[in-house]
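Let's take a walk through this model together, starting with the overall fold and moving on to the charges and the surface. Keep the 3D view open as you read.

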Amino acid sequence: CCSCKMPQQNAQEGQADDLLTVFEGSSADDGSHARQLWKSMTLLPPLESRLASADIRQRLPVARPRRRGTSNVANPVPLTVCSERQKEDERRRYQAMADQRKEVMALLGRQRQQRIQKEHLSAAVKPKKEVVEPPDPEIELDKELVRQLP
């Protein structure tokens, strides 16, 4: 099997790799291919640690100078037919949602009234529970004193 020994990289990396990379028990061609593989497998530093990168914008966007004399307020843009249709469609959607909400609230109100009526009907049929009041401590004390009399 081929075993590889690589020293730590230093300033003379190119020459040191050729001299100190040893592939034992393999042919010269295999060693050459393995060296090329090791050289191609160098890892790049993370994107954040690079000084400049094409993926990262290096500068903040520059504000464009404003033109003096022209103002959007002075020349209002007339509403187009398309934007008026969009507004009308939006109004219809909101009106439909409001109507649906009213229907749901009415349904909930009817269901509540039905539940209350059923509770009144069942209350007449249910057996009434006796309310047991807790004994008064003074009355209990008096009863105990009466029992102790001869």
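First, a word on the ground rules. This is a predicted model, where local features need pLDDT of at least 70, side-chain atom pairs count only at pLDDT 80 or more, and totals for chains, interfaces and linings use all residues. Residues are numbered from 1 along each chain as its sequence is written, and side-chain values use heavy atoms, with hydrogens and water left out.

The protein holds four helices and two strands, and along the sequence they come in the order β-α-β-α-α-α. Helices (H or I, at least four residues) and strands (E, at least two) are DSSP runs, numbered from the N terminus. Of the 150 residues, 5% count as buried. Here buried means under 20% relative accessible area, exposed means over 50%, and partly exposed lies in between, with a 1.4 Å probe and protein chains only.

How many salt bridges are there? The count is three, where a salt bridge is a side-chain nitrogen of Lys or Arg within 4 Å of a carboxyl oxygen of Asp or Glu. One of them joins E88 to R91, with N and O 3.1 Å apart. These two residues sit in helix α3 (residues 81-125), three residues apart, or about one turn. E88 is partly exposed because its relative accessibility is 33%, while R91 is exposed because its value is 52%.

Helix α3 also carries the pair D89 and R92, again three residues apart and about one turn of the helix. Their side chains form a salt bridge with an N to O distance of 2.9 Å. D89, at 38% relative accessibility, counts as partly exposed.

Now go to helix α4 (residues 137-148), where E144 and R147 are three residues apart and so separated by about one helical turn. The closest N and O atoms of their salt bridge are 3.4 Å apart. E144 is partly exposed at 37%, whereas R147 is exposed at 61%.

Next come the patches, which are made of residues with over 30% relative accessible area and no salt bridge; like charges are joined within 9 Å, and nonpolar side chains (Val, Leu, Ile, Met, Phe, Trp, Tyr) within 5 Å. V104, M105 and L108 make a nonpolar surface patch of about 280 Å², an area from the Shrake-Rupley method with a 1.4 Å probe. L108 belongs to helix α3 and is partly exposed at 47%.

A patch of negative charge gathers D136, E138, E140 and D142. Asp and Glu count as negative, Lys and Arg as positive, and His and the chain ends are not counted. Each charge is placed at NZ of Lys, CZ of Arg, CG of Asp or CD of Glu. D136 lies in the loop between α3 and α4 and is partly exposed at 38%.
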